[in-house]
Amino acid sequence: MTLPLIIYRSLRQHALSTLITAGSIALACGLLMTVWMVKTQAQAAFVSTSTAFDAVLGARGSKLQLVLNGIFHLEASPGNLAWADYEFIRKHPAVKTAIPIAVGDNLRGYRIVGTVPELFSKVEYAPGKKYELRAGGKIFADSAREAVVGSFAAERLMLKIGDTFQPFHGLAFDEKNQHEETFTVTGILAPTNTPADKVVWIPIKGVQTMSGHDPKAATDVSAVLIQLRAATAGFMLDMMINKQGNRMTLAYPVGAIMTELFGKISWFDRVLALVAYLVALVAAGSVLASIYNSMSARQRDLAILRALGARRRTIFGAVVAEAACIGALGSAAGFGIYFALMAGVAEVIRAQTGVVLNVTAGHAVLWVCPLVMTALCALGGAVPALKAYRTPVAETLAPVS
Amino acid sequence: MLNVVDLTKSFTAPEGGRVEIVRVPRFELAAGEQRALRGESGSGKTTFLHLIAGILAADGGRAEIDGVDMAALPEAKRDRLRADKLGYIFQTFNLLQGYTVLENVLLGMSFGPRGVDRAHAVEVLGRVGLAHRLGHFPRQLSTGQQQRVAVARALANRPKLVLADEPTGNLDRVSSKEALALIREVCRENGAALLLVSHDDGVLAQFEGMQDFAVINEAKTVRGGVTPPTTTEAAK
C-alpha cells in the first residue's frame, strides 16, 4: 500500500506537471511507434503488392520507373512498346501470362489504365486471391467503351454501375483536356487493398484509339506485366532483353526492385527514426527536469517519511517508480496518438498509392517501445531520486534548538 | 527502556571549528515512564531527541532502546528501529499535506513491524476525536486537530517510546493543556514511555519528574582542531 500511495499522492500533488510530462512521453512514444510501423508496414505492403507479377516489360529506361508505372500506377511511362513486342513476349515459352497495359488518360485525377479482360480472370493479385466484382457488375468487353472501376476510385468519384464518363487526357487532371468518348461503368471491383483500387480500368483499345491520341501509336502498349513459368526464366529473359538487347527493359525481379527502392530511401527512415529517438530522449529528460524541479517542494515530505521510518532505498524507489509511472501513463496515452497518426498516414498512403496499411496490425515495437520509454523515464527519475535519497532529515525537518 | 550513556554530537560552525551541541553522560527512562525535559531554544534538546531517534548519527556514546544501541547501528537499521519502537511528535506536527488524515496515520504504520492496520488507525484517530475527519487533508483542519493527527500517527504503531518535541508549541493555552493530557493518556493506555522536551513552564509543571536539559547536557563549544563532520555527513 505504501509505495502506490506515495506515488499516487505525489502524482496528484503535481498533477499539472505530471500531465504535461506524460503528454510529451505520449507524443514521443506515439511518434516512435508510428515511424516504425509506417516503415515496416509500407515496405511489407509495397513488396507484397508486387508479388502478382514477376516482371514488367517496357521501353528502354529505368526498371524502377517501369515497376512504379506498371504495378503501382505511379509515375509516367518511360515510353511505348509495339504490339508486336507484346505478342513476342506473350508467346515466349518462359512466359505464363502477359498482360498489356496502356496509360495516358485520367478521370478527374484517377488514372485510366487500358488492359485486357484476362487481368481480372487469370491473374491473382495476391496468393489465392483473384479480382472480384461487386454484385451486379461484369468485366468490360474487349472492344466496347466500358469500364471497371477500382473500389477506392469508385468511392471517391461516386461512380456506380451504369454511370457514364468522359476521360481526360494526360495523367494529371485538366478539365480543358476532355476526350469525346463516353464510357459506361459495367463493374466495380471489390476492395483489394492494392493500387488497382484507385484505377479506372477500360479496354486497352479504348486508350489506344482515344480521340486526340497519336494514330501512329494506335496499337502501342505502355508496358507488359509478366508472370513467368519458372523463376530461372527471368534471368534468361533479363540476359536476352537487358544485356543483349537495347530497345526494351525488363524489370525483374519486381520484389527486388522494390526492396532496392526502400534501400535507397532508407536514409529518410533513419532521419525520421533519429528525430523520434531524440524526441524520446527529450521526453525522458523532461521527466527528469519535472521531478527534479519539484524536489525542493517535496523534500520536507520525504524527510517526514524518513523520520517515520522509511528507508533511503524506499524513498529512492518511490521517486524512480513515480517517474516510471509517468512514463507508463505517457506510453499508454501514446497508443492514442499512434492510432490517430497511423490512421492519418494510412489514409494518405491509400489515397496516393492505393496500398492499404493495417492500422491494427501487431508488432514487437508496440510493446518494446512503451517498455523502453518507461525504462528511460525510470532512468531519468534516478537523478532526482538520488537527490531524494540524500535528503538530510534533521536539517529539513526542523531547526536545531 | 531508554538508556543514554556518554552521548555526544557536534557540528561544524559557519565560521569553522566545531560546536558541541550534545554531551549527555547519563540519562535513563523506564518503560511506561513519562518525563519532561526543560530547555531553552538552542539548548540542543531537539538534537538530543534526534540522536535518540536515530535521525542523526551520534559522534560517540550509546543510546539504547530496549537494549539495542541506536548510536551503534548503521543508518538502515536505525530507520528500522525507529519505525519499530519509536513514535515522534514534532513541534510543527510535520504532517504530510498531500495526504488525508487517515493516510498520514497509515503511512506511519506502514514502516512499522505490524504493517498497515486500517481498523487500528481508525480506532486511534477516533480515540483522539478525529473519527469524522478521516478523509480531510491537514490544511482543512484546525491547528489543534492537526496536533491530534500527529499524536495519532506517533501512537498508531504501538511504540515503546514516544518522543515529543515541543508538542504544544503551536497551540493556545487551553488547547495545549488538552493536547498534553491526551498525549499522556494515550501513552499510558498503550504502555509507552514518554520523553517530552519543552520550554513552556505551563507544560512542564504537569510533569512530576521534570528535569532541566542544561543540567544533564554537559556540552561545551570547542573551536579549531580537526575539521569536524557536517550535519549531513554525520547523519550517514
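Domain bounds, before anything else, come from an automatic or database domain assignment. With that, chain A is divided into domain 1 (2-46 + 265-397) and domain 2 (55-252). Taken over C-alpha atoms, their centres are separated by 49 Å.

Okay, housekeeping. This is a predicted model, where local features need pLDDT of at least 70, side-chain atom pairs count only at pLDDT 80 or more, and totals for chains, interfaces and linings use all residues. Residues are numbered from 1 along each chain as its sequence is written, with chains lettered from A and ligands numbered from 1 in the order in which they are written.

The predictor puts the complex at an ipTM of 0.81 and a pTM of 0.73.

Back to chain A: 5 residues of domain 1 are in contact with 9 residues of domain 2; contact means C-beta atoms, placed from the backbone, within 7 Å.

Now chain B. It has an open sheet of 4 strands in the order β2-β1-β4-β5, with antiparallel pairing. Strands here are DSSP E runs of at least two residues, and helices H or I runs of at least four, numbered from the N terminus; two strands pair if DSSP finds at least two bridges between them. Because β2 (18-29) and β5 (68-69) of chain B each have a single partner strand, they're the edges, with one side left without a neighbour in the sheet. Between β1 (residues 2-12) and β2 of chain B there are 10 bridges, and T12(B) has R18(B) as its bridge partner in β2(B).

How confident is the predictor? pLDDT, its confidence in each residue from 0 to 100, has a mean of 86 for chain B. Over residues 222-236 of chain B, though, it stays under 50.

How values were computed:
pLDDT is the predictor's confidence in each residue, from 0 to 100. Two residues are in contact if their C-beta atoms, placed from the backbone, lie within 7 Å.
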